[in-house]
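Welcome! Try each task first, then read through the solution.

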Amino acid sequence: MALNIVIMAAGKGTRMKSALPKVLHKLAGRSLLRHVLDMTQGLQARRSVVITGHGAEVVEAAVAGPGVQFVRQMPQLGTGHAIQQAVPALPEDEGTTLILNGDVPLIKQATAQRLVDACGGQALVLLTIHLSDPTGYGRIVRQGGSADGNVLAIVEHKDASPEQRAIREGYTGMMAAPTGALKRWVSQLNNQNAQGEYYLTDIVAMAVAEGLPVLGIAAPNETEVLGVNSPVQLADLERRFQLEQAETLLEAGVRLADPRRFDLRGSLSCGQDVEIDVNCVFEGEVSLGDNVRIGANCVIRNARIAAGARIHEFTHIDGESLGVSVGEGALIGPFARLRPGAQLGAEVHIGNFVEVKNSTLAKGAKANHLAYLGDATVGERVNYGAGSITANYDGANKHRTVIGADVHVGSNCVLVAPVEIGAGATIGGGSTITKTVAAAELAVARGKQIAISGWTRPAKKR
């Protein structure tokens with residue numbers, strides 16, 4: 001049966017106190033609206049319509065993609081008015097239309113599918129939630145007041161009587177409706193209410209009058225249906241989501257030092273016996289092999305870390321689009337930085353205040369402190385000294401440095417690319433290398449230095 005999805009994303013969110021449209025605020029690294037759109041991918045809808053309004057251009061540019069259609073609600077005159085704007089984008093009358101909220105990011109696909117299945121193009125189905133304090137929610141009024149009776153009406157909190165406000169079952173703002181009936185009902189809406197708005201909830205009374213079944217399905221938990229209207233609510237939802245992800249990892253055998261001090265903003269796959277200390281952030285796609293240890297306060301994005309590797313505290317790894325790979329048994333950090341294209345072999349050591357970018361280091365290579373390796377190919381067992389750098393950029397182009405196996409680079413050296421250091425060569429401390437160094441050769445290239453006011457410059461020739 002044909003399925004349409006309509007996502008309401010026109011609201012301003014004044015309590016966010018931000019120029020950014022509400023639905024573009026980030027939760028776990030993705031916008032609220034992107035969370036909803038990603039969830040709908042598995043529902044196999046014929047079309048997905050996003051209703052924009054406040055900051056429409058920005059919202060549409062942020063989430064545009066195949067299968068996403070936009071309509072605008074200008075001005076914003078209520079939820080019913082929003083759906084009225086979407087009706088022209090739903091040309092067929094058969095099938096089901098699922099209505100979701102762009103600022104309710106954590107609804108699960110299984111919950112959305114339950115609404116669609118219960119509707120079946122024949123019934124109006126509302127997603128509800130039982131709350132100890134349903135203030136602000138429209139109240140579900142059921143036949144005979146029973147917990148499982150058909151729904152007779154939804155009464156907005158602002159319009160509810162004291163008796164109706166005592167009802168603990170609230171409407172979440174999400175529903176599934178027969179498409180043809182939905183189009184007919186929203187065309188009949190009026191704004192005769194306390195707010196002067198067109199309420200989508202008024203279609204419940206229309207369905208009841210027509211004798212169409214109106215069902216209420218309770219959400220599995222509160223987190224799935226919580227919306228975001230303020231920074232406080234956004235922070236609360238972030239913690240709920242992160243704790244849920246942490247608990248999933250714990251159940252899979254990952255050892256987290258503190259599940260409440262863990263952030264996953266992408267996907268994380270872990271082997272056996274993985275340990276993650278506090279305040280670590282994982283973004284993009286990250287995989288950790290067996291027996292990997294991640295120290296406290298690390299940020300890791302788009303990286304593959306092989307079995308037995310140890311990432312010490314305060315390490316920053318950002319693979320961006322090129323990715324980063326760390327070999328088996330490697331030791332990284334503390335205070336190390338791996339940038340896109342860093343490919344580290346087994347048992348490589350990258351120590352404190354060492355930066356590696358677009359470079360390959362073979363098995364056993366070591367750069368233990370205060371060094372930079374960019375656009376370099378480094379052989380096995382190389383020892384790269386403190387304070388040494390590859391000068392890989394000439395102001396117009398980047399060039400590569402090749403360092404053979406078993407090379408020893410002393411402290412405070414500059415390797416000016418393009419340059420090649422042969423296997424087994426030794427570069428004396430303080431050298432500036434601009435030419436190829438043959439295998440097993442000793443190269444010392446440094447000028448006499450004199451100290452002036454705390455800095456150095458080459459001594460003048462006499």
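**Exercise 1. Find the surroundings of Arg 142.**

Task: Which residues does Arg 142 touch, leaving aside those up to four places away in sequence?

Solution. Keep in mind as you look that this is a predicted model.
- Step 1: The residues in contact with Arg 142 are Thr 128, Ala 147, Asp 148, Gly 149, Asn 150, Val 151, Leu 152, Glu 169 and Gly 216.
- Step 2: Check the accessibility. Buried means under 20% relative accessible area. Arg 142 has 10% relative accessibility, so it counts as buried.
- Step 3: Look for polar partners. The side chains of Arg 142 and Glu 169 are joined by a polar contact of 2.8 Å. The side chain of Arg 142 also reaches a backbone atom, the oxygen of Gly 216, at 3.2 Å.

**Exercise 2. Describe helix α4.**

Task: Which residues of helix α4 are buried, and which are exposed on the other side?

Solution. 
- Step 1: Helix α4 runs over residues 109–119, and its buried residues are Thr 111, Ala 112, Leu 115, Val 116 and Cys 119.
- Step 2: Look down the axis of α4: the buried residues fall within an arc of 140°, so they line one face of the helix.
- Step 3: Turn to the other side of α4, where Ala 110 and Asp 117 are exposed.
- Step 4: See what the buried residues of α4 pack against; among these elements are β1 (3–9), α1 (32–40) and β6 (96–101). The list also includes β7 (124–130), β10 (169–178) and β11 (214–218).
- Step 5: Follow the chain past the helix. Gly 120 comes after α4 and has a positive phi, near 55°.

**Exercise 3. Explore Asp 263.**

Task: Is Asp 263 buried or exposed, and which side chain joins it in a polar contact of 2.7 Å?

Solution. 
- Step 1: Locate Asp 263 in strand β13, residues 262–270.
- Step 2: Its relative accessibility is 14%, so Asp 263 counts as buried.
- Step 3: The partner in the polar contact of 2.7 Å is the side chain of Arg 239.
- Step 4: Residues up to four places away in sequence aside, Asp 263 touches Glu 238, Arg 239, Gln 242, Cys 280, Val 281 and Phe 282.

**Exercise 4. Classify the aromatic pairs.**

Task: How many aromatic pairs does a search of the whole structure find, and how are two of them, Phe 262 with Phe 282 and Phe 335 with Phe 353, arranged?

Solution. 
- Step 1: The search finds 3 aromatic pairs. In Phe 262 and Phe 282, the ring centres are 6.0 Å apart and the planes meet at 40°, so this pair is tilted.
- Step 2: These two residues are 20 residues apart, with Phe 262 in strand β13 and Phe 282 in strand β15 (residues 280–288), and their pair links distant parts of the chain.
- Step 3: Phe 262 is buried at 2% relative accessibility, and Phe 282 is buried with a relative accessible area of 1%.
- Step 4: For Phe 335 and Phe 353, the ring centres are 5.2 Å apart and the planes are at 10°, so the pair is stacked.
- Step 5: Phe 335 is partly exposed, at 39%, and Phe 353 is partly exposed, at 49%.

Notes
Residues are numbered from 1 along each chain as its sequence is written. This is a predicted model: local features need pLDDT of at least 70, side-chain atom pairs count only at pLDDT 80 or more; totals for chains, interfaces and linings use all residues. Side-chain values use heavy atoms; hydrogens and water are left out. Helices (H or I, at least four residues) and strands (E, at least two) are DSSP runs, numbered from the N terminus. Buried means under 20% relative accessible area, exposed over 50%, partly exposed in between (1.4 Å probe, protein chains only). A polar contact is a pair of N or O atoms within 3.5 Å; within protein, one must be able to donate a hydrogen and the other to accept it, and residues adjacent in sequence count only if both atoms are side-chain atoms. Contact means heavy atoms within 4.5 Å. Rings of Phe, Tyr and Trp (its six-membered ring) pair if their centres lie within 6.5 Å; planes under 30 degrees apart count as stacked, over 60 as edge-to-face and the rest as tilted. The arc is that of the directions from the helix axis to the C-beta atoms.
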